[in-house]
Amino acid sequence: MSRKGPEQGSTTVALALSLFLLIFTAITVYLFVAKTWWFPPAITVEGHQFDAQFSRTLWITGIVFVAAQLGLALAIFRFREQGKPVHYFEGHNGMEILWTLATFVLFVGLGLYAENAWASVHFIGAAPGALPIEVTAQQFAWNFRYAGPDGVFGRTKPELVSASTGNAVGIDPTDPFGKDDVVSPGEIAVPAGREVDLTLKSLDVTHSFYVRELRLKQDAVPGMQIHLHFTADVPGTYELACAELCGLGHYKMRATFLVLSEPDFEKWMQQQIAANQ
Amino acid sequence: MVTDAEGGGHVHSAPTGFIRKYIFSLDHKVIGIQYLLLALFSVFLGMALSLLMRIHLAWPTMKLPFMGGVMKPEDYLALVTMHGSIMVFMVLTTAPQSGFGNYFLPIQIGAEDMAFPVLNMLSFWTTFISLVVMASAFFVPEGAPISGWTAYVPLSAVGEQAGPGQGAGQTLWVIGVAIFCAASLMGALNFITTLVDLRAKGMSLMRLPLTCWAWFVTAILGLLAFGVLLAACALLLLDRTAGTSFFIPGGLVFTDQVLISHKGGSPLLWQHLFWFFGHPEVYIAILPGMGVASHLLSTFARKPVFGYKAMVGAICGIGFLGFCVWGHHMFVSGMSPYSAFAFSLLTMTIGVPSAIKTFNWLGTLWGGRIQFTASMMFALGFVSLFVTGGLSGLFLAQPTLDLYFHDTYFVVAHFHLIMGVAAIFGIFGAMYFWYPKMFGRMLNEGLGKIHFWLTFIGVYAIFMPMHYLGIAGHERRYADTTGVNYLKPLQPVHVFITYAAIITISAQLIFLFNFLYSLKWGKKAVDNPWNATTLEWSVPSPPPFDNFGGKHVQVYRGAYEFGIAGHSEDFIPQYADPEKVSEAH
């Protein structure tokens, strides 16, 4: 029984497939180098750590990606059907051990390397003296509360929440600590160079606090109070967007994220206090 | 452990009536085809939903059919939810495992049927009911649910006040998924028992085709994972209908009204239960594809699988580690940052067996003589896609990097390439390979190759740009790019992706045509058209009712004896009697 057919035109197919893999790899690499669509600049120390770790991971995965795709392209072209007998072998234990160890060291090493940046954000809380800000998410809005001169947030109660009467987060009027609290709807400002300690809350479903320039994302989960701390260094106007599916208005659940110099921040705060009167 | 085929004696005889033969059939081959047809229907439905989403994303103000004009954001989210659910459950779980596995696992191990034929029939029809229940969510007044295939609570738990579709539609979804879990548990039990008990004489574990190893480990994953999802769905259903609070904390406020009927539940509990199923589910979708790819690469490179034992080890390793990494879906959820550390390292570790498989695939090709059948081209495409889709996982496995990429298009690109498209390439590879055995006729190779090229180029054109969208910070599950300012410059990328999607989805009609046309007019298939070695090629195409026509099946060697020097043929089937194989061996 002779095997006719598959070898017919196999050089053309092999060449086309290898070339496609080559071109595909080149375009992919080009777009990662050209950075046509890319991160906005980071505005925190941790953000720069993120960029460095991203870069390390990109190098390693990039080299593996190029080697694997081109290796596949090479194998496809070089070992296309040419009527020659195959080189029979069933494997090679030495090579199995080699690439198992190599990938283990590479992948787990990369993972271990990344843990420093994770620990610096999550294993420790904010330093004393950090500015506390409470972030309350709800379908489909963000409210930000500052503790005022007394530095203590007043009590809130769900049954007091009433967006229509201006008590969006449900501050209890009988609690003296709440009297000087300042609520800013849809806009959060943080002073440049000073650490802030966010407390994330949600009134209804799970939302997620996401600011690209901070390289941070944290879910706001109903029933939980989750802390997030950072120090933004670069004054500017940024955007905060919801990153966890929360309902039909998810795509437009945004807020303005301001990083202000200390005097500008004071000015902004005075405006908020005036607006809260 | 080698068992005799006697244990698998047929408990049922060949049926004669149409209904017992084709509808409520006990024959694993008919049931396998039923599963494949269910998946074929579902994949076109799922693609149609994604097409509507893509068109809306590219041209948000366009009036669309079935949408009553311009698509509303809640309708977009309903499409997101149903596309994901139908594709994950009804296609990626169903076609590679329940479809091809049902048909070919018994034949490849030399059994006459599955261990429990009645259970097999029940599991198919239960799956069918599950599809009907899930799809009926489209037809209730408020429409289909909008909480995504992950159905995060409380959005999915509190009912209509959380949004349109969250009433009856979401309830139908939960019931549909629960029924699917029950069906999958039945199927998993059957697969495991069949493989353990019904292997033919001589079919030791280390002689199993890698497809069988993959189906076996996938069944174990299914048995352990679907039970947990079933329990989670039961709890969610109770929260929705019986006033319990497993997942709903107290004091929730919707439009200034406090939800007083619930207190004390934990939203994170749902995420843990869901992902304890959800992560193994990724491997349930992809492991059979890995088995098929190994099988095809060896067959069409005319060489043994490189490192068979390492491949078996890698399948088992992926299966085990697959249960230890669910927390990597929850780095931003508010769970303990210390557990994130452990989940991260375990996830990086699962890259190791994945890499072993890739190296071994390249080793299998190396030194071979590759025959470019349509089936082989899909297997080669699988390897390329598996590498591309797998490597982006190394970013997402690191909690630091995930804090940026979580729930962006980077994740959409990652899981579509690895668990969606790579798995689909496994299915296509299997279909072009086994169609002649199943239907007695060959699929058209020329059309198959056109289908391959358009699909291969198309899926990369769709999903590669999504990485860049993710890097630019584009959140997933956004109905359009008008709500957040920094998304507006990304709109041209959406338009490009949509054009690629239209072409790629249209190309699937070539496959559909080929599939239907070849049933009647395809070239007649011989018993072993590919000169392959495993047991299904020892029987007629299509096989008789009891697979082997009452013959005594014996296996003499491993599954991948290709390219041995000194023979007139370049392959020795597992079933070839050593006395009849030439002396040179």
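How are H7(B) and H9(B) oriented to each other, roughly parallel or roughly perpendicular? Keep in mind throughout that this is a predicted model.

1. **H7 and H9 of chain B.** The axes of H7(B) and helix H9 (residues 308–321) of chain B make an angle of about 15 degrees. Angles under 35 degrees count as roughly parallel. H7(B) and H9(B) are therefore roughly parallel to each other. Their axes lie 10 Å apart. The crossing of H7(B) past H9(B) is right-handed.

2. **Residues in that contact.** From H7(B) come Leu210(B), Trp213(B), Ala214(B), Val217(B), Ile220(B) and Leu221(B). H9(B) answers with Met311(B), Val312(B), Ile315(B), Cys316(B) and Gly319(B). By class, the contact of H7(B) with H9(B) has 10 nonpolar residues, 1 polar and no charged ones.

3. **H7 and H8 of chain B.** Now take the other partner of H7(B). Helix H7 (residues 210–241) of chain B packs on helix H8 (residues 267–301) of chain B at an angle of about 160 degrees. Angles over 145 degrees count as roughly antiparallel. H7(B) and H8(B) are therefore roughly antiparallel to each other. Here the axes are 8 Å apart, and the crossing is left-handed. The contact of H7(B) with H8(B) has 26 nonpolar, 6 polar and 1 charged residues.

4. **Chain B as a whole.** Chain B has 16 helices and 4 strands. Its radius of gyration is 24 Å, close to the 25 Å that the globule rule gives for 585 residues, so chain B is as compact as a globular protein of that length. The C-alpha trace of chain B spans about 85 × 50 × 45 Å along its principal axes. Of the 585 residues of chain B, 63% count as buried. Among contacts in chain B with a separation of 6 or more, 80% are between residues 24 or more positions apart.

5. **Chain A as a whole.** Along the principal axes, the C-alpha atoms of chain A fill a box of roughly 95 × 35 × 35 Å. Of its 277 residues, 40% count as buried. Residues 24 or more positions apart make up 70% of the contacts in chain A with a separation of 6 or more.

6. **Order of elements in chain A.** Chain A has 4 helices and 10 strands. Along the sequence the pattern is α-α-α-β-β-β-β-β-β-β-β-β-β-α.

7. **Cis peptide bonds.** Please look at two of these. Most residues other than glycine have a negative phi, and most peptide bonds are trans. The bond from Gln139(A) to Phe140(A) is cis, with omega near -10 degrees. Phe140(A) sits in the loop between strand E1 (131–138) and strand E2 (141–146) of chain A. In chain B, a cis peptide bond joins Ser541(B) and Pro542(B), with omega about -10 degrees. Pro542(B) belongs to the segment after helix H16 (491–521) of chain B.

8. **Positive phi.** Two non-glycine residues deserve a look as well. Arg215(A) is not a glycine, yet has a positive phi of about 55 degrees. It is placed in the loop between strand E6 (207–211) and E7 of chain A. Arg215(A) counts as buried, because it has 29 C-beta neighbours inside 10 Å. Thr255(B), also other than glycine, has a positive phi near 40 degrees. Thr255(B) lies between strand E3 (253–254) and strand E4 (257–258) of chain B, in the loop. With 11 other C-beta atoms within 10 Å, Thr255(B) is exposed.

Note on methods:
Residues are numbered from 1 along each chain as its sequence is written. Chains are lettered from A and ligands numbered from 1 in the order in which they are written. This is a predicted model: local features need pLDDT of at least 70, side-chain atom pairs count only at pLDDT 80 or more; totals for chains, interfaces and linings use all residues. Axes are lines fitted to C-alpha atoms, for helices over the stretch in contact, and angles run from 0 to 180 degrees between N-to-C directions. Angles under 35 degrees count as roughly parallel, over 145 as roughly antiparallel, 65 to 115 as roughly perpendicular and the rest as oblique. A crossing is left-handed if the near helix is turned anticlockwise from the far one by less than a right angle, and right-handed if clockwise. Ala, Val, Leu, Ile, Met, Phe, Trp, Tyr, Cys and Pro count as nonpolar, Asp, Glu, Lys and Arg as charged, and the others, Gly among them, as polar. The radius of gyration is taken over C-alpha atoms; the globule rule is 2.2 Å times the number of residues to the power 0.38. A residue is buried if 20 or more other C-beta atoms lie within 10 Å of its own, exposed if 12 or fewer, and partly exposed in between; C-beta atoms are placed from the backbone. Two residues are in contact if their C-beta atoms, placed from the backbone, lie within 7 Å.
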